[in-house]
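Below are some short notes for your review of this model.

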Amino acid sequence: MSAQVETMFYTRETPWHGLGTKVEDAPGSKEALVAAGLDWKVIQKEICTKEGQPVEGYRANIRDRDQNILGVVSERYKVVQNEEAFSFTDQLLGEGVTYETAGSLQDGRRTWILARLPQRYIISGDEITPYLVFMNSHDGSGAIKAAMTPIRVVCQNTLNLALSTAKRSWSTNHTGDIQGKLSDARNTLLYAERYMKELGKAIDQLNRIRLSDQKVYEYINALFPLADGATETQKKNLLRLKDEVRLRYFEAPDLQHVGKNAYRFVNAVSDFATHAQPLKRRMNYRESLFAKTVEGNAMIDKAYELVQAA
């Protein structure tokens, strides 16, 4: 398990981000809270100087289980407990929702929940399943975020394209009327339905854009531009990355039924961005990959932009 992951579980098969401890069945919220190691609360305490003088306007967020200091926040900061996050997701998705993965990063400073949405979509012959990701932070560094990300089932590629016609995420800070803001987040499901509809249109359009082999090579070169003054090692590494995308486009078994078109290219890039090993594997590599399910993946978006401009 990566050094940045503190606790986590996943169900059945290793998820695309490769993190966690396996459990056999996707649990409900109460079981998931325990399986993910998130059955603790955040308490707030005043901060004092060494001389015992209170620091006005700030509080320390502390985990009750081990008194670990998660962060220093302003007095306006409102805590969203892990249990509240699961409760919110239960209400959002309805009775019977089960969780595919959940856990904490960076000693509890950041937490997340991922649940499979009940809808099943068949788009251009592909089964695509939407997931809801809910991310929270207890250190004051980030917003509360909910996002929908579609996964192509056959290969576990993410297809969270940046569509101009549909929104797939919601976020807010930890101040003001938190419960009211969480109620507003129910619009995320409305976003999900509209996003999947627009994604279907986008995929149909991509299937109609035919690509010559030469055009594919041009797009791959555009994804991996060679910097001025690049060293021989850098050139070699760049060539390796290009070859990986090329192999995915021309030889991936799950793309053999797809014509030589823009949808095939976007999937090849998504497969690379989702599953390829980096040239230099940093400690937080998999956490960064998982975070892109919420923020979006710049490389996949770039590929989508390139083929749209064809």
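1. The model is predicted. Start with Ser124, which is partly exposed, its relative accessible area being 35%. That value lies between the limits for buried, under 20%, and exposed, over 50%.

2. Ser124 is not a glycine, yet its phi is positive, at about 50 degrees. The residue sits in the loop that runs between β8 (121-123) and β9 (126-137).

3. Asp107 is a further non-glycine residue with a positive phi, here about 60 degrees. Its place is the loop between β6 (99-105) and β7 (110-116). With a relative accessible area of 42%, Asp107 is partly exposed.

4. Next, the helix pair. Two packed helices are described by the angle between their axes and by the distance between those axes. For helix α7 (residues 262-275) and helix α9 (residues 298-308), the axes come within 9 Å and the crossing angle is roughly 165 degrees. Angles over 145 degrees count as roughly antiparallel, and α7 and α9 are therefore roughly antiparallel to each other. The crossing of α7 and α9 is right-handed.

5. Which residues of α7 and α9 make the contact? On α7 they are Ala262, Phe265, Val266, Val269, Ser270, Phe272 and Ala273. On α9 they are Met299, Ile300, Ala303, Tyr304 and Val307.

6. Sorted by class, the contact of α7 with α9 holds eleven nonpolar residues and one polar residue, with no charged residues.

Technical notes
Residues numbered from 1 in each chain as written. Predicted model: local features only at pLDDT ≥ 70, side-chain atom pairs only at ≥ 80, totals over all residues. Heavy atoms only, no water. Axes fitted to C-alpha atoms, helices over the stretch in contact; angles between N-to-C directions. Helix = DSSP H or I, 4+ residues; strand = E, 2+ residues; numbered from the N terminus. Parallel < 35°, antiparallel > 145°, perpendicular 65-115°, else oblique. Left-handed = near helix turned anticlockwise from the far one by under 90°. Contact = heavy atoms within 4.5 Å. Nonpolar A, V, L, I, M, F, W, Y, C, P; charged D, E, K, R; others polar. Buried < 20%, exposed > 50% of the residue type's maximum accessible area, 1.4 Å probe, protein only.
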